[in-house]
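Please look through the structure below before reading on.

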Amino acid sequence: MPHILIVEDETIIRSALRRLLERNQYQVSEAGSVQEAQERFSIPTFDLIVSDLRLPGAPGTELIKLGQGTPVLIMTSYASLRSAVDSMKMGAVDYIAKPFDHDEMLQAVARILRDRQSASSAPAEPRPAGKTADKPSVDNSNGEIGIIGSCPPMQDLYSKIRKVAPTDSNVLIQGESGTGKELVARALHNLSKRAKAPMISVNCAAIPESLIESELFGHEKGAFTGASAGRAGLVEAADGGTLFLDEIGELPLEAQARLLRVLQEGEIRRVGSVQSQKVDVRLIAATHRDLKSLAKIGQFREDLYYRLHVIALKLPPLRERGADVNEIAQAFLLRQSARINRTDLKFAADAEQAIRHYSWPGNVRELENAVERAVILSESPEISAELLGIDIELSDLDDDDFVGLAPQQGGGSNTSHEPTEDLSLEDYFQHFVLEHQDHMTETELARKLGVSRKCLWERRQRLGIPRRKTGVASES
């Protein structure tokens, strides 16, 4: 069982973190300062140290030297991201910005421990000339799958991809527009036994309804006006490989009937032909629409829906992927910077905040476009939130004393004002607000919790914590 040392001077946060890690099968010790950690423990014996950056006495970065090679994960506020980057240059293995939730912390801890185990079991490799260890490079590959991100929902998705890819089962990929459904389809193809055969991608929404049957299934000479020669369709072109139909919910009903024949009989018939021919195609479909609901109202064939729904993979929207959004943004920044031969570009602190807090209704596609635009227009090394064009109220995120943890949705129902040893991260928000709202303004509450006033209001609504009508004078 990995042994983790938590060094945090806020008792309530330290206790909540200890409970979280212990519930996930980690052995945990804790201290309130670097000095206390030195006096109570042999620091190099731990598998991981999780420390706040700002501590009474010595800063958390002192533990890097005292740990003698033990990885140190630095916790810091959004307002101190530059300091966190500096801590990595001093040797911290990574940092995690407050506010954070259960998944972000567990993800970071698991990744660091996994990397440490891999490093200890693998022979050391010489570092290529010119490479530095200032900051680990962004993992753009996620192994053989090729998708960026390591939040728990994505880890679950990767596991399903690895199980499903070697089969010939039909797959339906569900998710909002811009979440990267084609990347999942590509991963399924690349990890399948059909990887050496073609993968044909078709956006059903981009082909005119009058042409879609001809495009998919081909046509014979003279089948319709303008058909001066016979032509193979895209299904035929995918023979032996994979056919990816994006936005399959836009496929007309007649084309759906033809596609059902491909799935049931393994054969196609070109438009204008009376002859059928066999095809060996694996179908992967994707949609942002609810096909089951469409089937109930007759806009999608129910029999086709069940044929497609053998395996369903759900892609989470970007707003539900936690720290992945910053990792993806950094990867896009590196890619776009390379295209214009610039190596000096980085995100400013306000841009990091905005990227993390913005809801990204257009998901990964919107993020990529925002970063590309900012890189092209940037005149200074630092890319600001304004240059990204993110529509968010940053004034609420600019508090320079962010502390605390962001609770997950659905916090507990414990309304006691007294802190307890069993206080969880979910309870922390509710407990803190109830304890302090009589003598703190909304701005002060938000600052201490490490969230914006808007976020504080939204969480009040979710948890059913009304604002007190008495006590603190109302704010303008």
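1. Start with Trp360. Trp360 sits in the loop between helix 14 (349-357) and helix 15 (363-377). This is a predicted model, so keep that in mind throughout. Phi of Trp360 is near 50°. That is a positive value, and the residue is not glycine. Is Trp360 buried or exposed? Trp360 is buried, because its relative accessible area is 2% and buried means under 20%.

2. Go on to Asn363. Asn363 belongs to helix 15. Phi of Asn363 is near 60°, again a positive value in a residue other than glycine. Asn363 has a relative accessible area of 0%, so Asn363 is buried.

3. Now take Glu30. Glu30 is part of strand 2 (residues 27-31). Its relative accessibility is 17%, so Glu30 counts as buried. Which side chain does the side chain of Glu30 meet in a polar contact? The partner is the side chain of Arg18, at 2.5 Å. Set aside the neighbours within four places in sequence, and Glu30 is in contact with Leu5, Ile6, Arg14, Arg18, Glu36, Arg40 and Phe41.

4. Asp52 carries a database annotation. An unreviewed UniProt entry gives "modified residue: 4-aspartylphosphate" for Asp52. In the model, Asp52 lies in strand 3 (residues 48-52). Asp52 is buried, because its relative accessible area is 9%.

5. Next, the cysteines. A disulfide is a covalent bond between the sulfur atoms of two cysteines. How many disulfides does the structure hold? The structure holds 0 disulfides. Cys151 is buried, with a relative accessible area of 3%. Cys204 is buried too, at 2%.

6. Then the nonpolar cores. In soluble globular proteins, nonpolar side chains tend to be buried together. Here the largest nonpolar core has 30 residues. Which of its residues touch the most other members? They are Val235, Leu243, Leu245, Ile248 and Leu308. Several elements give two or more residues to this core: strand 7 (199-203), helix 8 (212-217), strand 8 (242-246), helix 10 (253-265), strand 11 (282-287), helix 11 (291-296) and helix 12 (302-308). Helix 10 gives the most, with 5 residues.

7. Leave out residues up to four places away in sequence. Leu308 then touches Asn170, Val171, Leu172, Ile248, Leu263, Leu283, Ala285, Leu291 and Phe300. Another core lies apart from the largest one. This other core has 25 residues, including Ala329, Leu345, Ala385 and Leu388.

8. Last, confidence. The protein averages a pLDDT of 79, and 77% of the residues score at least 70. Where is confidence lowest, and where is it highest? Confidence is lowest in helix 4 (residues 81-89), at a mean of 58, and highest in strand 6 (residues 171-174), at 96.

9. Two stretches need care. Over residues 123-141, pLDDT stays under 50. The model gives this stretch 20 contacts beyond four places in sequence. Residues 470-476 also have a pLDDT below 50, with 12 contacts beyond near neighbours in sequence. Where pLDDT is low, the predicted coordinates should not be read in detail.

Terms used: Residues numbered from 1 in each chain as written. Predicted model: local features only at pLDDT ≥ 70, side-chain atom pairs only at ≥ 80, totals over all residues. Heavy atoms only, no water. UniProt positions renumbered as here; feature names shortened; annotations may be inferred. Helix = DSSP H or I, 4+ residues; strand = E, 2+ residues; numbered from the N terminus. Buried < 20%, exposed > 50% of the residue type's maximum accessible area, 1.4 Å probe, protein only. Disulfide = S-S within 2.5 Å. pLDDT = per-residue confidence, 0-100. Contact = heavy atoms within 4.5 Å. Core = buried A, V, L, I, M, F, W, Y, C linked by side-chain atoms within 4.5 Å. Polar contact = N/O pair within 3.5 Å; in protein donor to acceptor, adjacent residues only side chain to side chain.
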